[in-house]
Amino acid sequence: MSDLSIDLGSLKLKNPIIAASGTFGYGVEFTSFLDLNKLGGFVVKGLYYEPREGNPPPRLVETASGLINAIGLQGIGVKNFSEKILPQIRDFDTALIVNVCGDDENEYARVAGYLEKKEGISAYELNISCPNIKKDGRNPAQDPEDTYRVVRSVKQVSSRPVIAKLSPNVTDITVIAQSAQEAGADAVSLVNTFLAMAVDVETVKPKLANVFGGLSGPAIKPIALRMVYQAFRRLQIPVVGIGGIMTAEDALEFFYAGARAVQIGTANFVQPDITLQILDDLVLHCRRSGISRIEDIIGKIHADSSGQ
Amino acid sequence: MSNSPGYCQSFLLPAVHDFDILVSRIQTGIMVKDPYARIIRVEKENSYCLLSLFSPSIAGQAKPGQFIMIRVSSLSHPLLRRPFSLHAVDKDCVEVFFQKQGLGTELLSEKKEKETLDILGPLGRSFSLESGMKAKTAVLVGGGRGMAPLYFLGKRLAESGTDIKMFYGGKTSSDLPLRVKCENNGFDISCSTDDGSFGFKGLISTLFSREIKKTGPAMVFSCGPEAMMREIARVCREEEIPAEFSLESIMGCGFGACWGCVKRIRRNNKEEWVKICEDGPIFPLDSILWDEEQS
């Protein structure tokens, strides 16, 4: 049996398969389909301090091998989460990661500060990269100083590992990733969705009420992979890979490119138990390929590639 | 499962919040993923298609108004599953009835008998059968393929001795694909077409409005185009007839995880975006804020 355990700084995972925020509800939606105890971890839907309305519909449009969403982070707020949801999910034997949102750096710190008093949370992932909140999809992860400020403010109140979730809608991901590292992030996860749109040629209107949304799914995988590769080369902190992963082979690509763990997103909608299918296939692959520790293959292509 | 909170509510929507439904989800655990539901019958007529799928685990608990999510392709395009309301349950089989109108339904209509489909279900809340049974008459108002779940409901209510009255509308006679089937099942059905090619010439809501006054105590159930349901809702409010509506949306997952399929709903004197897949697809008359009513 291969050793699939991995650490993201002080966050220990039993395996590198994590369900991604925004695609896994609050975890409870999936208990009919899979045993959450088997996951490396799961990231609950993004939480602001207060409940949040979200965007008007249509919020979704499917494109070639992809999905554009403009949910707008509708959610129940950190208090409802702590009182009603957390008691149901904190006893699972897996890393419970809370995705933290805010309108400014103070709110991020306020949400994390509130959660500090609650037991059963393994880490925070800072959603500094949602494209569906501000006009033109702007978010803190598009600016190194904004990124630094948010990460710093949460680090100052947090006793738990902090993961900064980065946006792909930037000219140079390494600049933002380094900024998160300097601010004290324990890890970065990338990528969030790509700012995108679709047009209805019958009505001659955008297909999303919000006009823009975030593209996810297999369509974005090669670009996400390239960004993980770039971030890995520049960072000392761990990188978590996200973007269109549907199979164990996809996940392996990210490991070889430098991701110490991966998050499975849109695929959860299609196959609610896909995380465990990927895990099973990963175990098989490791056995067949003589990989005794997943740790040994992380970033392996970098040893052979030059430049870039 | 019928006693669990969050399912099979009466037509007055109680104080249910998302997290209450999440709690009930854990208690019930009724969703089933059946990756190998075998197609045992395919029927096609014009642009319409019926599939009967052998899936005892889903058939055993499915109720009228609920839906299933079908993966139409094992490839990454189309990526998402498609939602289909249940048209009938026959022993161990569930039936869906749909119209070809896009890549997903096109691919699905090409499936053959003995092939298998990957399905999830039963999903969502059902029509309130109890309210239907309590009424002297259950009035089912469908538009086009929207008759599909009402047929299932009509069969169940008729079995329990409830009188059924159906109204069925379409643009033209070919938009009434389930008319003959309903007639053959002995349902009292009145039809309308916009062009007068079959039945009353005009909107089904006009015919409904005229006839409903003669029915006496009734409960209305409706499924069809939003413009039609909005008109039916208006008449029901004027006549003070309780009603339930089956709403439709693009869905990302079908089981409450993506928050993509929302409708404006009023509950506890508050308006909010509510998930059609989980809190619906069946909603009571008083809770729905049709597009022009939203504040």
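## Reading the model

Residues count from 1 along each chain as its sequence is written, and chains are lettered from A in the order in which they are written. Since this is a prediction, local features need pLDDT of at least 70 and side-chain atom pairs pLDDT 80 or more, while totals for chains, interfaces and linings use all residues.

## Where the chains meet

Chain A brings 36 residues into contact with 28 residues of chain B (contact: C-beta atoms, placed from the backbone, within 7 Å). On the chain A side, H1(A) (77-89) is one of the elements supplying at least two residues, and its four residues are the largest share. Helices and strands here are DSSP runs, of at least four residues (H or I) and at least two (E), numbered from the N terminus.

## The barrel of chain B

Six strands of chain B close into an antiparallel barrel, in the order S1-S2-S5-S4-S3-S6. Strands count as paired if DSSP finds at least two bridges between them. S3(B) (67-71) and S6(B) (116-123) share four bridges, and B:Met69 has B:Leu120 as its bridge partner.

## A covered strand in chain A

Strand S10(A) (187-190) has both faces covered: A:Ala187 and A:Ser189 are buried on one side, A:Val188 and A:Leu190 on the other. Buried here asks for 20 or more other C-beta atoms, placed from the backbone, within 10 Å of the residue's own.

S10(A) pairs in the parallel sense with S9(A) (162-165) over three bridges, and likewise with S15(A) (239-242) over three bridges. A:Val188 is the bridge partner of A:Ala164, and A:Val239 is the partner of A:Val188 in S15(A).

Technical notes: Contact = placed C-beta atoms within 7 Å. Buried ≥ 20, exposed ≤ 12 C-beta atoms within 10 Å, placed from the backbone.
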